[in-house]
Amino acid sequence: MKIFSHFSLDDFSNTYLIGPENGGDAILIDPGHIDISIIERVEQNRYNVAHVLITHRHDRHIAGLGTLMKIYNPKIYAGSPSLYDFPVTGLKDSLFLDVSGISVEAMQIPGHSIDSFVFKIGNALFTGDVLHAGRVGSTKGVLEKALLLKGIKKRILTLDERFVIFPGHGTLSTIKVEKLFNQELIEAMGSDDLDQISHPSIRT
Amino acid sequence: MPLLAAVNLIHLAMFRCIPCNHPGCKKYAVEDEFTCLEHSDHPDRILHTITRALGDKHNHRDMLITDAVFDHLDFSKTKLSMCNFARCVFRDVDFSHSKINSCFFDFCLFDRCMFDDNDSRHSVVAGSKLIQCSFTDSMLIHTNFMGIDARECDFSTSDLYYSNFSSSHLVDVQFVDCNLKNADFRYTERDKVSFKYSNFEEAIF
């Protein structure tokens with residue numbers, strides 16, 4: 001399996017292309033900005049973008065969908081029921097997908113947005129705006145922040161420390177690095193109050 | 001000051017993540033081996049092979065060796081992508097003019113190492129200790145330096161766009177004439193750190 005990372009200067013976001021070693025169906029995570037360099041990389045590797053995974057419905061992570069859909073015909077997976085006018089296959093928490101021959105676990109971790117998902121593929125964690133290197137995702141309020149921290153604490157920090165984090169913005173990291181140096185997480189780890197936080201629509 | 005890199009598209013292979021087959025060991029096995037370096041029957045031979053490869057100035061991808069010691073070596077002009085050198089010790093090692101893409105050097109010790117005119121992107125140096133290291137005239141974009149302990153290091157005239165130094169301890173470190181746009185310096189402890197001629201107002205403090 002190969003992972004290609006694309007950084008867009010337009011919106012400072014990361015898009016990831018994941019495909020097999022020798023061409024075939026591929027996955028695109030968060031097509032925030034589709035430009036010629038991504039298309040060239042898809043074609044050079046003889047990929048067909050068969051599946052798109054959306055970490056959450058914010059423009060910086062989905063704005064390239066229109067361009068992408070004009071060229072390929074991927075199946076879109078997202079936590080949100082609608083993305084512009086494109087058909088979407090809804091994601092559920094702890095859903096295991098077999099897309100393009102690659103096993104993906106979808107984990108719903110709300111807070112940054114209600115539809116925020118993290119995708120686990122092998123030892124890679126595509127965290128969108130849930131967790132960046134050195135910071136957690138932005139939130140609109142105290143409850144949302146607490147929900148997000150609780151989700152990260154229970155669902156991400158419990159994984160093997162060697163998992164590599166591929167965030168929606170910023171640098172690569174690992175769970176061990178975040179545990180040791182992410183100050184927001186360090187403060188949250190010591191808080192028992194997070195266990196009291198819940199949301200009726202979400203398993204936390 | 002170097003120009004900001006344009007849109008960056010890089011290839012990252014996945015780590016192989018094959019655990020060392022020594023009972024109870026949680027480290028990864030060395031590339032093309034069944035055990036980690038510590039539990040290998042021939043660690044010197046492994047180290048020699050990898051050292052020779054790193055010195056040949058060719059492209060290397062998916063190389064994996066952790067907890068190794070590299071002393072007085074010339075790895076200049078080497079090209080590495082998606083390699084894992086976590087917890088290694090590098091003493092007097094020359095990485096100048098090298099290209100390092102998406103490599104992991106987390107929790108390493110770099111003592112008197114040279115990274116001048118280095119092109120490093122999407123790599124992780126977090127948790128490492130850096131003593132008297134030089135990173136001048138380098139492209140160090142999108143690189144994770146979180147939690148580093150750096151002393152007497154020089155990053156001058158380098159492009160540190162979107163790199164992350166948060167929670168690091170910096171003593172006598174020079175960032176003269178650097179591009180610091182979106183560079184993250186939150187929660188850092190700084191003593192005798194110079195940002196002279198750099199756009200520190202565009203960094204995050």
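Predicted model: local features only at pLDDT ≥ 70, side-chain atom pairs only at ≥ 80, totals over all residues.
Let's start with β9 of chain A, residues 117–121. Four of its five residues are buried, so the rest of the structure largely encloses this strand.

On one side there's β8(A), residues 102–108, which runs antiparallel to β9(A) and is joined to it by four bridges. In that pairing, Glu105(A) sits opposite Lys120(A). β9(A) also pairs with β10(A), residues 124–128, again in the antiparallel sense, over three bridges. Here Lys120(A) has Leu125(A) across from it.

## The nonpolar core

The largest nonpolar core has 117 residues, and the ones touching the most other members are Val118(A), Phe119(A), Leu125(A), Ile152(A) and Phe85(B). As for elements, helix α4 of chain A (residues 142–156) supplies the largest share of this core, six residues.

Over in chain B, what does Phe85(B) contact beyond its neighbours within four places in sequence? The list is Ile65(B), Thr66(B), Cys103(B), Phe104(B), Phe105(B) and Cys108(B).

## Where A meets B

Between the chains, 27 residues of chain A are in contact with 29 residues of chain B. On the chain A side, the elements giving two or more residues are β1 (2–7), α1 (36–44), β14 (173–174) and α5 (175–181). β1(A) gives the most, with six residues. By residue type, this side of chain A splits into twelve nonpolar, twelve polar and three charged.

Key:
Residues numbered from 1 in each chain as written. Chains lettered and ligands numbered in written order. Buried ≥ 20, exposed ≤ 12 C-beta atoms within 10 Å, placed from the backbone. Pairing = 2+ DSSP bridges. Core = buried A, V, L, I, M, F, W, Y, C linked by C-beta atoms within 7 Å. Contact = placed C-beta atoms within 7 Å. Nonpolar A, V, L, I, M, F, W, Y, C, P; charged D, E, K, R; others polar.
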